[in-house]
Amino acid sequence: MNYREVEIFAPKDMGAAGTEPIDIKVKDLLSSIEIIWQTTVVTAALMTAPHVDCITKIELVDGSDVLFGMSGKDAQALAFYGSGKMPLNQISVKAAEYMRSVIPIYFGRKLFDKQLALDPKRFSNLQLKVTWDEDAANASVVANELTVRGWTFDQKVITPLGFLMSKEIKSYTPVASDYEYTKLPRDYPYRLLMLESYSTDKEPGEVLALLKLSEDNDKRIPIEMTGQEILRKLCVPAGEIEENIEGADAVTASALYVAPTAMVRPQAEVDADAIAAADDFSQVTVAGNKCSVDLAVGCLYYGFVVRGFAPHHCLMVPFGDIQDLDDIQPVSEIGDLQLITQGAAAVGTSPNAKVIIQQLRS
């Protein structure tokens, strides 16, 4: 076979919280690593955050050298923007059922990219570190399961140019109308930049008033856009996200958290063995990525489809055509590369921002 799926970490209940170091013993070229996180609830209960928030940090390291580093939700968003395919979030808050999230780390532009892949043999102590908190999304979790798998090139012989290195380089709290200055590294060429623009009650484009990329003290300004312009011109064309949700009426109003955070559109669905009639399902209201479900009397179970854009409050700025290797932007000859962002006049409740970069490492 040209490709082979390998087990890097067998399914295991990890306990309440912690960090698991996992040695990467695979020697074949890696196209991707997949982290699969599953939790089971004992009673129907409210969500307090997206399920993928249980994976608070992922790092792929070789000693002190960080090849990949960010939260689980940001890794999902990056996988979507980089490949055009949204990873799985399978959400159910019914008693004794489970939630499952898949978090891919792509070392190429997509799965089985023949020009970009990670060669484990070029590193001496390759290790994946996964940090988790099992009840970060639902307080009634009684069991979890962490699995790590990878896709390798088997009989397919390739000579990759390098791999995509992705990491969070800054986290800060946006302040209304204030500017934030971030000096960007110039060690490797850039494929894209991603900004998490979070607030509990606003879309990501509403939290960000301005994003500006400045070279050599404004000698060149390749990008200068508002948050809403980035959303409309760059993120919406990247594609729409769709998720399916199943729940139970544990309380009068249920809270569910979903991946899309912009132009979110929930649509109720009637399940033959769940709710008896469409009018048993009252309404769904949206604030940020929180869907509040208000049920009619007599409705015990429900289901709906949620569609929208900007996964996990993340906005993406590409450096040209991200599928074209010729458009990956060298920056080593730039004397100073700076990202300048400005908070909106109203940044919303509990705002937070992160700067994430993806570079080509040869």
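This is a predicted model: local features need pLDDT of at least 70, side-chain atom pairs count only at pLDDT 80 or more; totals for chains, interfaces and linings use all residues.
Four of them form an open sheet, in the order 11-22-13-14, and the pairing is antiparallel. Strand 11 (179–183) and strand 14 (220–225) sit at the edges with a single partner strand each, so one side of each has no neighbour in the sheet. Going from one strand to the next, the twist averages 15°.

Now for the pair made by strand 22 (residues 337–343) and strand 13 (residues 208–215): seven bridges link them, in the antiparallel sense. If you want a spot to look at, find Glu215, which stands opposite Leu337 in strand 22.

## The helix on the sheet

Helix 3 covers residues 227–235 and packs on this sheet. There, helix 3 touches strand 13 and strand 14, and its direction makes about 90° with that of strand 14.

## The cysteines

How many disulfides does a search of the whole structure find? The count is zero. Take Cys235: its nearest cysteine sulfur belongs to Cys314 and is 9.1 Å away. A disulfide needs the two sulfur atoms within 2.5 Å, so Cys235 is in no disulfide. Cys314 is in no disulfide either, and its nearest cysteine sulfur is that of Cys235.

Are these two residues buried or exposed? Buried means under 20% relative accessible area. Cys235 has 1% relative accessibility, so it counts as buried. Cys314 comes in at 0%, so Cys314 counts as buried too.

Conventions. Residues are numbered from 1 along each chain as its sequence is written. Side-chain values use heavy atoms; hydrogens and water are left out. Two strands pair if DSSP finds at least two bridges between them. Helices (H or I, at least four residues) and strands (E, at least two) are DSSP runs, numbered from the N terminus. Axes are lines fitted to C-alpha atoms, for helices over the stretch in contact, and angles run from 0 to 180 degrees between N-to-C directions. Contact means heavy atoms within 4.5 Å. Buried means under 20% relative accessible area, exposed over 50%, partly exposed in between (1.4 Å probe, protein chains only).
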